[in-house]
Amino acid sequence: MESVHDFIKKVKDGEIDIVEHTYRLIEECKEINKEHNYLNTISEEQALDSAREIKIQLKQNKDIKNKKLLGVAVSAKDAICVRDVETTAGSKILQNYKPLFDAFVIQRVKEEGGIIIGKTSQDEFGFGGFSVNVGKGFKIPKNPFDSERSCGGSSGGAAGLTQKLSNHIALGESTGGSIVEPASFCGVYGLCPTYGRVSRYGLIDFSNSMDKIGSIGKTIEDAALLMNVISGYDKKDSTSLNVKTDDYEKYLKKPIRGMKIGIIKEAFGQGVEREVEKNVCNGIEELEEEGAKAEEISLELPIKYGIATYYMIATSEASTNLAKFCGMRYGAVEKLEGSFNEYFTKVRSNNFGDEAKRRIILGTFARMAGYRDAFYLKAMKVRTLMINEYKKAFKKFDALISPTASILPPRFEDIEKLTPLQHYMIDIMTVSPNVAGLPHLNVPVGFEKNLPIGMLLIADHLQEGKLIQLGSAVEHGK
Amino acid sequence: MEVDRKLLEHVAELARIKLNDDEIKKFLPQLKEALEFFSKLKEIDTDNVKPSFQPVELKNAMREDNEEKCLSQDDSLSLTEHKKDGYFRGPKAI
């Protein structure tokens with residue numbers, strides 16, 4: 001499959017008129033959006049302005065040819081702030097909010113000649129695994145292979161658009177699996193980095209100790225390229241890791257002979273659809289054929305207690321992070337009347353969707369006097385044990401493997417029947433690496449019933465390179 | 001722990017959310033089911049385990065207390081209709 005590298009070369013060599021190309025690409029986005037709803041906002045004017053600027057620079061300034069993303073269309077999940085472009089995190093409470101600044105990752109993309117084409121659809125504030133929990137008035141994105149089915153979430157629009165649109169890479173965001181899970185349902189590569197590797201400056205937060213911005217690409221090369229651009233220390237994010245960045249592209253096609261992979265025992269068997277298991281096993285076989293050594297490992301805490309730990313941390317943090325949305329300064333407003341508590345209550349009750357209200361209430365409960373020790377603090381302690389369990393496993397293995405999702409992309413009519421807890425259970429494979437802040441990657445491994453299946457690779461902190469090495473071995477083994 | 005209508009309304013009030021009757025009817029069994037499931041964390045022995053408030057070790061990030069460039073007053077006020085005389089307008093505080 002053609003990666004954006006070839007496209008960038010053509011732009012540099014003058015074989016592509018970048019303005020004309022961008023115009024056509026925007027028209028294609030509009031067409032795709034008619035059926036699939038991947039973009040909440042298409043930033044047509046800004047994109048064309050950027051393309052015109054690149055065209056001028058190409059004639060005048062030779063240095064521009066060193067730009068890593070020259071002319072490449074990049075979409076941003078709607079929770080990532082883009083200057084002067086409506087940024088809502090999929091919520092009515094932020095409708096019409098046009099940030100006065102760019103998020104760190106957007107600055108980086110622009111500095112490297114990338115063209116921001118729009119904001120991709122998502123569950124409201126990232127609260128979901130199927131992109132059906134969109135805010136009031138927002139449209140639900142559809143699976144690129146079957147419009148009756150979910151494209152996964154919460155970075156659903158990002159993954160769907162990546163499958164449908166060529167010469168494009170997406171900025172996604174994950175709190176509990178929101179990059180890899182939609183990537184799996186849409187048949188693309190999703191790379192979620194170590195917590196703190198990519199600055200969260202300008203990301204509308206959901207759960208501040210777990211939110212991570214990452215890349216989604218049609219090829220592993222694309223995902224690695226964008227990760228190279230966005231990773232690095234940023235003093236504006238106090239949780240940014242001040243550690244030297246790696247060159248992720250150097251791991252592409254690097255031999256994997258002798259690498260050790262641990263197959264998570266609890267992630268196979270009961271509860272996993274047969275077709276999913278079969279294809280993930282094929283993926284493991286491909287890695288073995290390339291020389292990796294696979295062995296089973298039991299990880300009890302992550303699979304058995306991951307969901308409870310994750311949801312207690314995530315809802316607790318979400319309930320505080322969302323306290324700032326109150327109809328003052330920016331975002332949705334109501335008529336100013338009543339006391340300030342009455343006003344804030346009115347704004348929040350009228351503009352948050354159901355799942356946002358549920359999670360705020362769950363999190364407020366978990367932090368309340370009398371319950372805090374049993375829920376919130378308990379989850380933080382279980383996180384310590386979980387990190388220790390993973391760290392022990394990484395003494396022996398370079399990466400751990402499970403299916404990314406235990407099921408094929410479900411139909412919307414089946415999702416409707418799920419209770420919120422059943423909905424949460426879908427995240428069973430992905431929440432724990434997120435709780436532990438570990439980098440993880442979705443690798444497409446096959447199709448069943450014309451629907452894509454993904455394999456999840458998890459590595460130790462700051463070992464994104466190993467994921468790319470293993471992921472590209474599967475891609476090139478095909 | 002009894003999760004009932006009274007507790008739900010109290011927690012919602014703390015979170016500045018007013019639930020209508022339909023929402024209460026819908027949310028109450030859903031939240032009960034979720035909290036019951038989350039309670040299974042108590043099965044795990046966490047005596048003498050320190051909580052991890054972050055997944056990776058982080059040091060406090062400090063900076064010099066110097067004046068820096070910030071948003072202008074006009075820009076700051078540009079995102080809301082509730083403003084007056086160069087200030088944000090809010091609901092009555094007293």
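The model is predicted: local features need pLDDT of at least 70, side-chain atom pairs count only at pLDDT 80 or more, and totals for chains, interfaces and linings use all residues. Residues are numbered from 1 along each chain as its sequence is written, while chains are lettered from A and ligands numbered from 1 in the order in which they are written.

Chain B holds three helices and two strands. Helices (H or I, at least four residues) and strands (E, at least two) are DSSP runs, numbered from the N terminus. Along the sequence the pattern is α-α-α-β-β. The radius of gyration of chain B, taken over C-alpha atoms, is 23 Å. Buried residues (20 or more other C-beta atoms within 10 Å of their own, with C-beta atoms placed from the backbone) make up 15% of chain B.

The contact between the chains takes 41 residues from chain B and 56 residues from chain A. Two residues are in contact if their C-beta atoms, placed from the backbone, lie within 7 Å. On the side of chain B, α1 (5-14) and α2 (21-38) each give two or more residues. The largest share, seven residues, comes from α2(B). This side divides into 24 nonpolar, seven polar and ten charged residues. Ala, Val, Leu, Ile, Met, Phe, Trp, Tyr, Cys and Pro count as nonpolar, Asp, Glu, Lys and Arg as charged, and the others, Gly among them, as polar.

In chain A, helix α7 (residues 220-230) is mostly covered, with eleven of its eleven residues buried. Gly232(A) follows α7(A) and has a positive phi, near 135°.

Two residues of chain A have a positive phi without being glycine. Ser131(A), at about 55°, lies in the loop between β3 (115-120) and β4 (142-143). Ser131(A) is buried, with 35 other C-beta atoms within 10 Å. Asn450(A), at about 60°, lies in the loop between β12 (440-448) and β13 (451-458). Asn450(A) is exposed (12 or fewer such atoms), with 8 other C-beta atoms within 10 Å. A cis peptide bond joins Gly153(A) and Ser154(A), with omega about 5°.

Note on methods. The radius of gyration is taken over C-alpha atoms; the globule rule is 2.2 Å times the number of residues to the power 0.38.
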